[in-house]
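Subject: Structure handover

Hello,

Please find the structure below, followed by notes on what was found in it.

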Amino acid sequence: MVLKTKRLILCPWEESDAESLYRYASAPEVGPAAGWPVHTSIENSRDVIRNVLSAPETYAVVDKCTGCAVGSIGLMIGKASRMGIPDTEAELGYWIGVPYWGQGLIPEAVQVVLRHAFEELNLEKVWCGYYDGNTKSKRVQEKCGFQYQYTKEKVPCSMLNEVRTEHITCLKKEDWIVRCPDSSNK
């Protein structure tokens, strides 16, 4: 599956994306804020592509201008999520490289993934979360219509050997339809 926006192409990760993935995932500002360690080498990034980013509904965020993968976005549906949700719901995760921050690219990617989730996958809800202090991720969720649901204290962040506070948000299909006048579900 390939999804397109005005400035982005969302497509499955390929092992040939490892160098680009390493370029952006090795920045200390990116992974730790999302709960994963910085990438340490191109081979480390290649392993992540093989073992993590090859999951269904996981996409490289590719800049149309450069053709390079600059971030990632994905849906973890039902049991694939860590949230204990039914198969009619999904958890959304995303990140983008530091040079692309503040350009509205992740909200643009989130909108096309939400359209895919609600119109093509026929999901009922999409959940999302952000760790305390990750104001950029919080802002993306607010811009895209996610509503705060609850806060979880002392959440194990095992890849970093830390415990954190996580805020959980959700967007229901019916609320998304109201926000998106061009939705084919009306």
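In which sense do strand β1 (residues 3-4) and strand β2 (residues 8-11) pair, and over how many bridges? The two strands pair in the antiparallel sense, over two bridges. Strands here, like helices, are DSSP runs numbered from the N terminus (E, at least two residues, for strands; H or I, at least four, for helices). Two strands count as paired if DSSP finds at least two bridges between them.

Before the rest, a note on the source. This is a predicted model, in which local features need pLDDT of at least 70 and side-chain atom pairs count only at pLDDT 80 or more, while totals for chains, interfaces and linings use all residues. Residues are numbered from 1 along each chain as its sequence is written, and side-chain values use heavy atoms, with hydrogens and water left out.

The sheet

β1 and β2 belong to an open sheet of eight strands with mixed pairing, in the order β1-β2-β3-β4-β5-β6-β8-β7. Its edge strands are β1 and β7 (147-157), each of which pairs on one side only.

On to strand β3 (residues 58-63): β2 pairs with β3 in the antiparallel sense over four bridges. Within that pairing, Leu 10 stands opposite Val 61 and Cys 11 opposite Ala 60.

Further along the order, strand β5 (residues 89-96) and β6 run parallel and are joined by three bridges. Glu 89 stands opposite Lys 125 in β6. β5, α4 and β6 together make a right-handed β-α-β unit; right-handed means that, with the strands pointing away from the viewer, the path from the first strand over the helix to the second runs clockwise.

β6 also pairs with strand β8 (residues 162-172), here in the antiparallel sense and over seven bridges. The bridge partner of Val 126 in β8 is Leu 171. Strand β6 (residues 125-131) is largely enclosed by the rest of the structure, because six of its seven residues are buried. Buried means under 20% relative accessible area, exposed over 50%, and partly exposed in between (1.4 Å probe, protein chains only).

Helix α5 (residues 135-143) lies across β5, β6 and β8 and runs at about 155 degrees to β6. For such angles, axes are lines fitted to C-alpha atoms, for helices over the stretch in contact, and the values run from 0 to 180 degrees between N-to-C directions.

The core

A nonpolar core is a set of buried Ala, Val, Leu, Ile, Met, Phe, Trp, Tyr and Cys residues joined through side-chain atoms within 4.5 Å. The largest one has 48 residues, and the members that touch the most others are Leu 10, Ile 73, Leu 92, Val 110, Leu 114 and Phe 146. Helix α4 (residues 105-120) gives the most to this core, with nine residues. Apart from it lies another core of five residues, including Met 83, Ile 85, Trp 127 and Cys 170.

What does Leu 92 touch, leaving aside its neighbours within four places in sequence? Its contacts (heavy atoms within 4.5 Å) include Ile 73, Val 110, Val 126, Trp 127 and Phe 146.

Salt bridges

The whole structure holds 11 salt bridges, a salt bridge being a side-chain nitrogen of Lys or Arg within 4 Å of a carboxyl oxygen of Asp or Glu.

Two of them involve Glu 43. Its side chain meets that of Arg 46 at 3.2 Å, N to O, and it also forms a salt bridge with Arg 50, with the closest N and O atoms 3.4 Å apart. Glu 43 and Arg 46 are three residues apart in helix α3 (residues 42-51), so they are separated by about one helical turn. Glu 43 is partly exposed at 40% relative accessibility, as is Arg 46 at 22% and Arg 50 at 37%.

Ser 45 also has its place in helix α3, but Ser 45 is buried, with a relative accessible area of 0%. Beyond its neighbours within four places in sequence, Ser 45 is in contact with Ala 18, Leu 21, Tyr 22 and His 39.

In helix α4, Arg 115 and Glu 119 lie four residues apart, about one turn of the helix. Their side chains meet in a salt bridge at 3.0 Å, N to O.

Regards
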